Amino acid sequence: MHQTNTTTDNRQSLPDRETMYAALVQRDSSYEGVFVAAIRTTGIFCRPSCSARKPKPENVEYFPDAKTALAHGYRECKICRPLVSLGSPPDWLQPLIEEVEQDATIRLKAEDLRERGLDPVRVRRWFQKLHGMSFASYLRMRRINQAFSQLQHKSPVTDAALESGYESLSGFGEGFKKAMGTAPAHSNGQTVIHVSRILTPLGPMLAGATEQGICLLEFADRRMLETQLNRLQKRLNARALPGDSRFFTQLDGQLQAYFAGKRTEFTLPLITAGTEFQEKVWEALRTIPWGTTRSYSEQAEIIGQPTAVRAVARANGDNRIAILIPCHRVIGADGTLTGYGGGLWRKKRLLEIEQGKNAPSK
Ligand SMILES: [Zn+2]
């Protein structure tokens, strides 16, 4: 696993590890809301005051909040219930929280909430206010984590067992289907997309690679992630499985250099698997030099379809290989950043890094 880089945004605001570990051991409730503790060996995260048996200090990772722990692939503890900790949920929300806690792969749309007598807007607001994410994105991250739970928090022993093949992941297919809505496997001879998590200074990303090259790189909290994964599996007639790829080590290294402002180009083979139009748009994106930007209309000109500005913008948004295919270098004609699948703050940071402005400290 490529979880070697422990630099993430906003971790600086946490107390030091010794203090947090002491709080964890003493079940000190005064640290509620200050941090959550994620346990590498089990893949779950807890409140400081959790009554569960305490892990060894070296197995604990600390995050400022539940959202960040989820983005790093952890699932919430059923004992201390970190998502309902601060200002426990109001009565009207209790049944929903309980239902969701029982099923890590649950999908609930607005109409499902209405059927349960709940106002979807109210539910979203409560999650947004307490956890800085919408209810939908909370469910989505849990499904992704469920589908790929085997890909992180593996002990070296499990790693060794997995090297002999995927047999030890039997049952994974079912879990994956339930979590992702698609079956990962049917026949032999299907392409395998190995999926792993790569940590960057802008948060964890999910990377995917086939034998031929990198086919996916997305921020783990991105709204479109599940859709993108499913599309990719269909287009490549492939199944996504947790696992390592020879490309991930290179990718990790090149990304770290990029974030340090020391790399302006990536030299990895990319598997884009788009429509003819998307391929044209993505190819044009790769011609935008590091440190510069273009407008959507300029991009439309370049592909010879000057009136297709909106279609170009859409194809931009459908890019599955963030950073390496630099869709963040396309901005509005008036210089505004417009949209970015990974969040506008990330687009801003990426452009700042490329302009040599306060690269994040490593
Ligand atoms: Zn707990």
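Along the sequence, the donor residues of the zinc ion follow the spacing C-x3-C-x26-C-x2-C. The model is predicted, so local features need pLDDT of at least 70 and side-chain atom pairs count only at pLDDT 80 or more, while totals for chains, interfaces and linings use all residues. Residues are numbered from 1 along each chain as its sequence is written, and side-chain values use heavy atoms, with hydrogens and water left out.

**The zinc site**

The SG atoms of Cys46, Cys50, Cys77 and Cys80 coordinate the zinc ion at 2.2 to 2.4 Å. Donors are N, O and S atoms within 2.8 Å of the metal (3.2 Å for Na, K and Ca). The angles between the 4 donor atoms are 103 to 123 degrees, and the arrangement is therefore tetrahedral (four donors, all angles between 85 and 135 degrees). Helices (H or I, at least four residues) and strands (E, at least two) are DSSP runs, numbered from the N terminus.

An open sheet of 4 strands has the order 7-6-5-8, with mixed pairing; two strands pair if DSSP finds at least two bridges between them. Strand 7 (214-219) and strand 8 (238-242) are at the edges; each has a single partner strand, so one side of each lacks a neighbour in the sheet. Strand 5 (residues 191-200) pairs with strand 6 (residues 203-209) in the antiparallel sense over 7 bridges. His194 has Ala209 in strand 6 as its bridge partner.

**Aromatic rings**

Rings of Phe, Tyr and Trp (its six-membered ring) pair if their centres lie within 6.5 Å; planes under 30 degrees apart count as stacked, over 60 as edge-to-face and the rest as tilted. By this rule there are 9 aromatic pairs, including the two below.

| Pair | Centre to centre | Angle between planes | Class |
|---|---|---|---|
| Trp126 and Phe127 | 5.2 Å | 80 degrees | edge-to-face |
| Tyr258 and Phe266 | 5.5 Å | 45 degrees | tilted |

Trp126 and Phe127 also belong to one aromatic cluster with Phe135 and Tyr138. Buried means under 20% relative accessible area, exposed over 50%, and partly exposed in between (1.4 Å probe, protein chains only). Tyr258 is buried at 0%, and Phe266 is buried at 18%.

Key: Tetrahedral: all angles 85-135°; square planar, octahedral: opposite > 155°, others 65-115°.
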